[in-house]
Amino acid sequence: MGIAEYEIKDNSLKVTDDARRHFDEDGCIIVRGLLSDSELQKVHGTVENPELVKHQYGRPDKKGKEPKLVLWQHPGNDVTGMVARSRKVAETCQQLLGGEVYHYHTKLITKEPYIGGTFEWHQDYGYWYKYGCLFPDMMTVFVALDDCNKENGCLQVLKGSHKCGRIDHLIVAEQTGADVERVQEIEKVCDLIHVELKAGDALFFHCNVLHTSSDNTSGNQRRALVIAYNRASNDPGPHEKHPGYTPLHTVENSAIASCENFSDFSGKDFWANSLKRDTTCQN
């Protein structure tokens, strides 16, 4: 069995009891068409802006290949901020987690053709735990900006692995990876799913779901907007890595298409170079 799929209708997403049940049981759901073609074009125009790309850094895998990341702390008021603050994204997370959420961070992840590297098996909570978050009341929305398939390094998840709880994480090359022997045991009981997405599709997943992605062996780039949320009740307060709770001012879904801000990134708080060397930031 694969991952339960839902679709955007009339630019809105209804979180049904069925969707909540699948999220609770499997740790993830797929939403097809989260972003329309016109919304995607606006996001592309924003993430390709040199003023954003200049914050990009690499995270080498065991083979020396590098996936590239840009990370920011606050959503801001540009097009990517409208995505993170939109009801179809933020309020969906709120309903799936069962309480008020705030924006934890967003990453732009790029796997360039042929050289984009692997992300090791890990749980997001495997390192968010180290930032003072006491409970795994957190989740991530992986929004495909390009088609994601096996050839260009799509996400792979162990369905239902969030029920195993937090697993010890170790340093692997310049990344943080879950204990390999433990992952191998979990692979015996949890289905491995390759999450192939069309551009605009999204995977909503719990912070304890084990996931990985292989290197990009194709001639096409693989980009994703990866937005993380934390329950307000789980706020650890200000931390060296994250600023703590800030109220999330949601916007109507139409704000994405109507936004014309492709270049003003004030207030996003990009990670400084000293923090880019931290191995506990990936996806």
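Student: At 29% relative accessibility, what does Asn11 count as?

Tutor: Happy to start there! In this predicted model, Asn11 is found in the loop between S1 and H1. A buried residue would be under 20% and an exposed one over 50%. Because 29% falls in between, Asn11 counts as partly exposed.

Student: Let's move to helix H1. Within what arc do its buried residues fall, seen down the axis?

Tutor: H1 spans residues 17-26, and Ala19, His22, Phe23 and Asp26 are buried in it. As a rule, an α-helix has 3.6 residues a turn, so residues three or four places apart point the same way. The buried residues of H1 line one face of the helix, because seen down its axis they fall within an arc of 100°.

Student: What covers these buried residues of H1, and which helix is included?

Tutor: Several strands take part, including S1 (5-7), S2 (28-32), S7 (138-144) and S12 (202-206). Along with these strands, the cover includes a helix, at residues 87-97. That helix is H5.

Student: Which residue follows H5?

Tutor: Within H5 itself, Lys88, Val89, Ala90, Thr92, Cys93, Leu96 and Leu97 are buried. H1 is followed by Gly27, with a positive phi near 85°. H5 is followed by a glycine with a positive phi near 80°, namely Gly98.

Student: Is Ser218 buried or exposed?

Tutor: Ser218 has its place in the loop between strand S13 (211-213) and strand S14 (222-231). Leaving aside neighbours within four places in sequence, Ser218 is in contact with Pro113, Tyr114, Glu151 and Asn152. Its relative accessibility is 11%, and the cut-off is 20%, so Ser218 counts as buried.

Student: How far is the backbone nitrogen of Arg182 from a polar atom of the side chain of Asp179?

Tutor: Asp179 is found in the loop between strand S10 (175-178) and helix H7 (180-187), and is partly exposed at 26%. Its side chain reaches the backbone nitrogen of Glu181 at 3.4 Å. Not counting residues up to four places away in sequence, Asp179 also touches Ile167, Asp168 and Leu170. For the backbone nitrogen of Arg182, the distance is 2.9 Å.

Student: How far apart in space are Thr110 and Gln123, C-alpha to C-alpha?

Tutor: Thr110 lies in strand S5 (residues 101-111) and is buried, with a relative accessible area of 6%. Leaving out residues up to four places away in sequence, Thr110 touches Gln56, Pro67, Lys68, Gln221, Arg222 and Arg223. Thr110 and Gln123 are 13 residues apart in sequence, and in space they are separated by 19 Å.

Student: In which strand is the place of Gln156?

Tutor: Gln156 counts as buried, at 11% relative accessibility. Beyond four places in sequence, its contacts include Trp121, Leu192, Ile193, His194 and Leu210. Its place, within residues 155-158, is in strand S8.

Student: Finally, what volume does the largest pocket have?

Tutor: His74, Pro75, Gly76, Asn77, Arg85, His103, Thr246, Pro247, Leu248 and His249 line the largest pocket. This lining divides into three nonpolar, six polar and one charged residue. The volume of the largest pocket is about 170 Å³.

Terms used:
Residues numbered from 1 in each chain as written. Predicted model: local features only at pLDDT ≥ 70, side-chain atom pairs only at ≥ 80, totals over all residues. Heavy atoms only, no water. Buried < 20%, exposed > 50% of the residue type's maximum accessible area, 1.4 Å probe, protein only. Helix = DSSP H or I, 4+ residues; strand = E, 2+ residues; numbered from the N terminus. Arc of directions from axis to C-beta. Contact = heavy atoms within 4.5 Å. 1 Å grid on protein atoms, 1.4 Å probe; cavity = no way out; pocket = protein on both sides within 12 Å on 5 of 7 lines; lining within 4 Å. Points joined across faces, edges and corners; volume = space filled by probe spheres on them. Nonpolar A, V, L, I, M, F, W, Y, C, P; charged D, E, K, R; others polar. Polar contact = N/O pair within 3.5 Å; in protein donor to acceptor, adjacent residues only side chain to side chain.
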